[in-house]
Amino acid sequence: MVFGKIYTYPNNPRVQKALIAAKYNNLEVQENIVAIGKDNTTPEFLAKFPLGKVPAFEGADGFTLFESNAIAYYVANKEGTQLLGKTRKEAALVQQWVAFADNEFGPTAAAWLYPILGFYPVNEAATNKAKEDVKRTLSALNKHLATKTFLVGERVTLADIVLVTSLLRFYELVFDKSFLAPFKNVHRWFTTCVNQPQFKSVLGEVKFCEKMRVADASAAPKAAAPAKEAKPAKEAKPAPANEDLQKALDAEAAKPKEKNPLDLLPKSSFVLDEWKRFYSNNDTRPTAVDWFWNHFDPEGYSIYKVDYKYNDELTLVFMSANLIGGFFQRLDHMRKYLFASLVVLGENNNSKITGYFVVRGSEIPFGIQDTVDYESYNFEKVDPSNKAVRERVNAIFAWDEKIDGVKFADGKIFK
Ligand SMILES: N[C@@H](CCC(=O)N[C@@H](CS)C(=O)NCC(=O)O)C(=O)O
């Protein structure tokens with residue numbers, strides 16, 4: 001019998017901790033993959049999960065829950081389980097390590113890994129600070145594990161499960177052999193855990209990083225044009241502390257903006273906001289796409305086919321999706337003038353990124369050309385009256401199972 005399902009995007013470590021706990025407790029918990037930015041913003045989803053965030057759990061009995069640690073706890077908390085510790089003290093220690101995982105590796109992952117994944121702009125000082133923080137934390141953990149196989153007691157508990165999943169991306173992206181050398185006990189513990197059948201059946205074979213990845217070698221900024229490199233003022237600012245990073249980004253975004261020349265264009269009958277709302281609240285096929293073509297105004301807007309230039313360098317699908325996520329994040333200021341759907345087609349190590357931008361005006365707006373990502377994509381204006389073009393646009397808006405004859409793997413909507 002199914003115990004419940006978790007709404008998420010694919011390969012989410014925050015979900016994997018609940019799935020591993022489910023394996024230990026012989027509970028059937030299903031992953032329900034949703035399109036982020038679309039399915040998690042519908043009124044039905046928000047009625048159950050007010051923040052619209054994933055992971056979000058829905059039990060077979062209708063019980064709903066958000067926050068990944070609460071979900072993992074709920075799945076772990078089955079009668080007779082040892083996952084939550086055998087005594088009152090062990091139970092408290094499990095909670096200690098769960099909080100440790102979040103507080104020590106959450107902000108540092110944001111500052112060190114998110115720029116690599118394209119979520120955050122590159123900020124060398126913040127990354128270096130995070131690296132030092134991680135080393136300090138790992139030293140403490142290494143000491144704790146000098147005499148222990150698992151974090152609490154003699155067996156795997158939720159503490160191990162949560163901490164392993166918090167460290168997963170570090171292991172995949174930056175913890176190479178030389179970085180790990182001083183932390184042998186941590187590494188022994190991590191490998192012991194990921195080799196347990198319950199971990200393995202969820203995580204598969206963990207791919208250990210061979211060489212520490214750095215942000216500018218892998219994230220979107222790699223193709224910045226020379227002219228743009230000459231004015232890195234934003235990125236060269238002194239780095240805010242990790243926790244303040246998001247605040248600083250928010251403050252930057254909240255600054256009053258100069259009037260955009262696109263506001264001076266003649267009024268269009270196509271109201272982008274209306275389209276975005278319609279797209280969010282209706283089935284894409286046929287309802288939303290029909291609405292789109294009935295309302296689209298080719299005088300006031302144009303459609304560009306957008307293709308990533310370096311598809312042969314793409315590796316894991318989730319990283320490609322993150323690359324798109326980073327690009328979209330840096331387009332935040334264009335929300336009034338842009339709708340976009342970019343998809344990853346194919347599979348790990350054999351994929352491409354393609355999609356469409358619907359933009360205000362007849363040219364690619366400066367606000368898009370000015371992002372570091374712009375140079376990494378080919379922009380080709382398409383003819384919206386062409387039937388074949390319309391059909392492919394529909395497929396990309398609707399995230400069809402197959403596009404260009406290739407399997408859809410992931411996608412992001414800018415709206
Ligand atoms: N502390 C939360 C974090 C959840 C969270 O931030 N989820 C993000 C993805 S990693 C999300 O759903 N974002 C979508 C949105 O905000 O629209 C947890 O562990 O569950």
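Helices here are DSSP runs of H or I with at least four residues, strands are runs of E with at least two, and both are numbered from the N terminus. This is a predicted model, where local features need pLDDT of at least 70, side-chain atom pairs count only at pLDDT 80 or more, and totals for chains, interfaces and linings use all residues. Residues are numbered from 1 along each chain as its sequence is written, and side-chain values use heavy atoms, with hydrogens and water left out.

Let's start with the second largest pocket. A pocket is an open set of points on a 1 Å grid over the protein atoms alone, where a 1.4 Å probe fits, with protein on both sides within 12 Å along at least five of seven lines; lining residues have an atom within 4 Å of a point. Helix α6 (158-173) gives the most to this lining, with 4 residues, while α9 (197-203) and α16 (317-330) each supply at least two. The lining has 23 residues in total, and nearest the centre are E172, K207, L316, F318 and M319. Because domain 2 (88-215) and domain 3 (261-414) both contribute lining residues, the pocket lies between them; the domain bounds come from an automatic or database assignment.

Most residues other than glycine have a negative phi, and most peptide bonds are trans. The V54 to P55 bond is cis, with omega near 0°, and P55 sits in the loop between α2 (43-48) and β3 (56-59). R285 and P286 are also joined by a cis bond, at an omega of about -5°, but P286 lies in helix α15 (residues 284-295). As for phi, N349 is positive at about 65° without being a glycine, in the loop between β6 (338-347) and β7 (350-360).
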